[in-house]
Amino acid sequence: MSKTKLFYLKKGFRLRNRSGLKAFIEIIFKKEGVFLSELRIIFSSDKHLLSINKSYLKHNYYTDIITFNLSGPNEKKLDAEIYISVDRVRDNAKTNRVSFSKEIHRVIFHGALHLCGYNDKLKSQRLIMRAKEDEYLNRYFVH
């Protein structure tokens, strides 16, 4: 049974190849040396993510993704949630002139990489994160 669960709060949105995606996400964690207990990915709206951003992070702005590591400090297996705004991803795909499919997968892999310990606050970190996202996007869309 998959350790990755997908939840759809955004009406009218469903990913294709869900079982393949879940298996690939678990490959990312394995390759990065992170033991996954359970990962929940929740696809939602701008409004919902803004509410989470305000409540939990004290940020008053839209974002495409919010990632929560829910594991305790001494736990060896990762328990986490990734919230994704389908609205924001759609807008970013248009702005960046990429397909929605590529952008939604980039954001999903971005969240997984955060949970594997990658950061993106500094320019040098963003470059590493982007290279990892590209690596996994290329692997995912090749097979």
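A salt bridge is a side-chain nitrogen of Lys or Arg lying within 4 Å of a carboxyl oxygen of Asp or Glu. By this criterion, a search of the whole structure finds 13 salt bridges. The model shown in these close-up views is a predicted one.

**Figure 1. A salt bridge joins lysine 132 to glutamate 32.** The closest N and O atoms of the two side chains are 3.0 Å apart. Because lysine 132 belongs to helix α5 and glutamate 32 to the loop between α1 and β2, the pair ties together parts that are 100 residues apart in sequence. Both lysine 132 and glutamate 32 are buried. As a general point, side chains of opposite charge can pair when their charged atoms come close.

Figure 2. Glutamate 135 is partly exposed, with a relative accessible area of 24%. Arginine 139 also counts as partly exposed, at 40% relative accessibility. Through shared partners, salt bridges connect Lys31, Glu32, Lys132, Glu135 and Arg139 in one network.

**Figure 3. Arginine 40 meets glutamate 38 in a salt bridge.** The side chains approach to 3.3 Å, from N to O. Arginine 40 has a relative accessibility of 14% and therefore counts as buried, since the limit is under 20%. Glutamate 38, with a relative accessible area of 28%, is partly exposed.

**Figure 4. Phenylalanine 13 forms aromatic pairs with tyrosine 8 and phenylalanine 100.** The structure as a whole holds 11 aromatic pairs. The ring centres of tyrosine 8 and phenylalanine 13 are 5.8 Å apart and their planes meet at 55°, so this pair is tilted. Tyrosine 8 and phenylalanine 13 are both buried. Phenylalanine 13 and phenylalanine 100 form an edge-to-face pair, with 5.9 Å between centres and 85° between planes. This second pair links distant parts of the chain, 87 residues apart: phenylalanine 13 is in the loop between β1 (4-8) and α1 (18-31), and phenylalanine 100 is in helix α4 (residues 100-115). The relative accessibility of phenylalanine 13 is 6%, so this residue counts as buried, whereas phenylalanine 100 is partly exposed, with a relative accessible area of 23%.

**Figure 5. Charged side chains sit over aromatic rings.** The charged end of arginine 90 sits over the ring of phenylalanine 100, at 4.7 Å from the ring centre. Lysine 102 lies over the face of phenylalanine 141, with 5.2 Å to the centre of that ring. Phenylalanine 141 also belongs to a cluster in which ring pairs link Phe24, Phe109, Tyr136, Tyr140 and Phe141.

**Figure 6. The largest nonpolar core contains 34 residues.** Those touching the most other members are Phe29, Leu39, Ile41, Phe43, Ile84, Ile108 and Phe109. At least two core residues come from each of β1, α1, β2 (36-44), β4 (78-85), α3 (86-96), α4 and α5 (123-142). The element that gives the most is α4, with 7 residues. Apart from its neighbours within four places in sequence, phenylalanine 29 is in contact with Val34, Leu36, Leu39, Leu78, Ala112, Leu115 and Cys116. A second, separate core has 6 residues, among them Leu49, Ile52, Phe68 and Tyr83. In soluble globular proteins, nonpolar side chains tend to be buried together.

**Figure 7. Helix α4 is mostly covered.** Of its 16 residues, 12 are buried. The buried residues of α4 are Glu103, Ile104, His105, Arg106, Val107, Ile108, Phe109, His110, Gly111, Ala112, Leu113 and Leu115. Their covering includes α1, β2, β3 (65-69), β4, α3 and α5. From its first C-alpha to its last, α4 reaches 23 Å, close to the 22 Å expected at 1.5 Å a residue. Just after α4, glycine 117 takes a positive phi of about 105°.

Definitions and conventions
Residues are numbered from 1 along each chain as its sequence is written. This is a predicted model: local features need pLDDT of at least 70, side-chain atom pairs count only at pLDDT 80 or more; totals for chains, interfaces and linings use all residues. Side-chain values use heavy atoms; hydrogens and water are left out. Rings of Phe, Tyr and Trp (its six-membered ring) pair if their centres lie within 6.5 Å; planes under 30 degrees apart count as stacked, over 60 as edge-to-face and the rest as tilted. Buried means under 20% relative accessible area, exposed over 50%, partly exposed in between (1.4 Å probe, protein chains only). Helices (H or I, at least four residues) and strands (E, at least two) are DSSP runs, numbered from the N terminus. A charge sits over a ring if NZ of Lys or CZ of Arg is within 6 Å of the ring centre and within 35 degrees of the ring normal. A nonpolar core is a set of buried Ala, Val, Leu, Ile, Met, Phe, Trp, Tyr and Cys residues joined through side-chain atoms within 4.5 Å. Contact means heavy atoms within 4.5 Å. The expected span of a helix is 1.5 Å times one less than its number of residues.
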